[in-house]
Amino acid sequence: MGLGQDVIVELEAIVGSDHVRTAKGDLEPYARDATPLFRGVPDAVVWPRTADEVAAVLRLATRRGIPVVPRGAGSNLSAGTLADRGGIVLVLTRMTSILEVDADELLARVEAGVTTAALAEAAAAKGLLYAPDPGSRTVSTVGGNVATCAGGLRGLKYGVTRNYVLGATAVLPTGEIIRTGGRLWKDVAGYDLTRLLTGSEGTLGVLTELTVALLPMPATTNTGVAYFPSLADAGRAVTAVIADGIVPATLEFLDAKCIGAVEDYAHLGLRRDAGALLLFGDDGGADAVERSLTRIGELCTRHRAMEVTLAEDVARSEALLAARRCSLPALSRLGTLTILEDATVPRPRLAEMVGRIDEIAERYDVSIATFGHAGDGNLHPTCVVDRHDEAAADRAHKAFGDIFATAIDMEGTITGEHGVGAAKLPYLQARLGADQMALLRRIKAAFDPAGILNPGKLGS
């Protein structure tokens, strides 16, 4: 729709002329996020520094009916930060102050643009752990993690981002600055707006500051790997581990396609003859970790593991974790377009779901490799095709539609940690139902009566 020069002048008066961009070349990098095949060109990109500046931008946008899309690092995989209706992309990466790390209260206060890795390092410097551990942690922002309720490799034992958000400062689309929650683990005064804002994907308010819970840093960590003839065997081993009362910090899987791709990429010495790899790890006291991993190894062997190995030192432990973390870049080398998706099923049906994914891939004549979080049933089916083969890309999207429908049929969900954004909006009603979708829209209207904030996402 374009922005008038008077609007540009107002934006420059709010944040400074150096922090407003409208030239085509400056807009293009913000027309995409990490989600392939989705694009939306904004009319302006604006970098505020304070909550007051955010509030002034939103008041202007509401008054003029201009869409505003909040954005952190743009590392999301759901097309959640694209300006598909034009307007303003509001980039929060200037808000990078770590305001407080308190070892007595076990909490930190950070601005929304602080990266997850920077928060984790600041906590570790005081002997503390920030548990959320998304794969994008080196670049993703804490604000973005909260907006999408990001997960990660430690989710089974420690939970996901929402389990650590104690309080938030958020700017409403109408310009009010609210502070929800606070410094307390226990606080039931009023509706839990902190939890409502967590995972709201920038549709209800713009997060500018977060108060998050920290934990004492575990004394030691270690990792092991087990190879299985099939993913079904690995799935049975996972069920046995949980049934034995063990909740490890890490319980991840790679299918055979992923193992081959990762070994070609990273040369870690993985077994190519295995049908599945199970990566397991734990943290805590040294004796407890040794007992836990030894027992997990025994249970894997009992359930047809071909080989079980525990890391002999920190370097090898990190190398094993790298096998899981580099799954996406390893697979991305196999083609010019990589579509990474996210679905979750009840843990006992994990192997069945991977089998169904393989059937769907064969039906649509596409190659799909699957890795993910075995401990919580969260899978990441990943399809690699030629970017210029439109027919293959179309088949891949149809295949993912069937995958999401299958997950729902198994009492699962269309996304466990990536979020809905624009990419999964077509599947959301199938997951929630018409009545719940109507409720989302009423909540959205209460927060954003003009409908300017990240329109076309979630309840919009």
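Rings of Phe, Tyr and Trp (its six-membered ring) are taken as an aromatic pair if their centres lie within 6.5 Å, with planes under 30 degrees apart counted as stacked, over 60 as edge-to-face and the rest as tilted. The model is predicted, so that local features need pLDDT of at least 70 and side-chain atom pairs count only at pLDDT 80 or more, while totals for chains, interfaces and linings use all residues. Residues are numbered from 1 along each chain as its sequence is written, and side-chain values use heavy atoms, with hydrogens and water left out.

**View 1. The aromatic pair of Tyr30 and Trp47.** Searching the whole structure gives 3 aromatic pairs. In the pair of Tyr30 and Trp47 the ring centres are 5.6 Å apart and the planes stand at 85 degrees, so the arrangement is edge-to-face. Tyr30 belongs to the loop between α2 (24–27) and β2 (44–46), and Trp47 to the loop between β2 and α3 (51–64), so that the pair links distant parts of the chain, 17 residues apart; helices (H or I, at least four residues) and strands (E, at least two) are DSSP runs, numbered from the N terminus. Trp47 has a relative accessible area of 14% and is therefore buried, where buried means under 20%, exposed over 50% and partly exposed in between (1.4 Å probe, protein chains only).

**View 2. The ring cluster of Phe400, Phe404 and Tyr427.** The rings of Phe404 and Tyr427, with centres 4.8 Å apart and planes at 65 degrees, form an edge-to-face pair. Because Phe404 lies in helix α14 (residues 390–409) and Tyr427 in helix α15 (residues 425–432), this pair ties together parts that are 23 residues apart in sequence. Phe404 is buried at 2% relative accessibility, whereas Tyr427, at 22%, is partly exposed. Ring pairs join these two residues and Phe400 into a cluster.

View 3. Leaving aside neighbours within four places in sequence, Leu337 is in contact (heavy atoms within 4.5 Å) with Pro36, Leu37, Cys383, Val384, Val385, Asp386, Arg387 and Ala393. The C-alpha atoms of Leu337 and Cys383 are separated by 8.2 Å, although the two residues are 46 residues apart along the chain.

**View 4. A nonpolar surface patch that includes Leu196.** Tyr191, Leu193 and Leu196 make a nonpolar patch of about 330 Å²; patches consist of residues with over 30% relative accessible area and no salt bridge, with like charges joined within 9 Å and nonpolar side chains (Val, Leu, Ile, Met, Phe, Trp, Tyr) within 5 Å. A salt bridge is a side-chain nitrogen of Lys or Arg within 4 Å of a carboxyl oxygen of Asp or Glu, and accessible areas come from the Shrake-Rupley method with a 1.4 Å probe, only the protein chains shown counting as cover for residues. Leu196 lies in helix α7 (residues 193–197) and counts as partly exposed at 32% relative accessibility.
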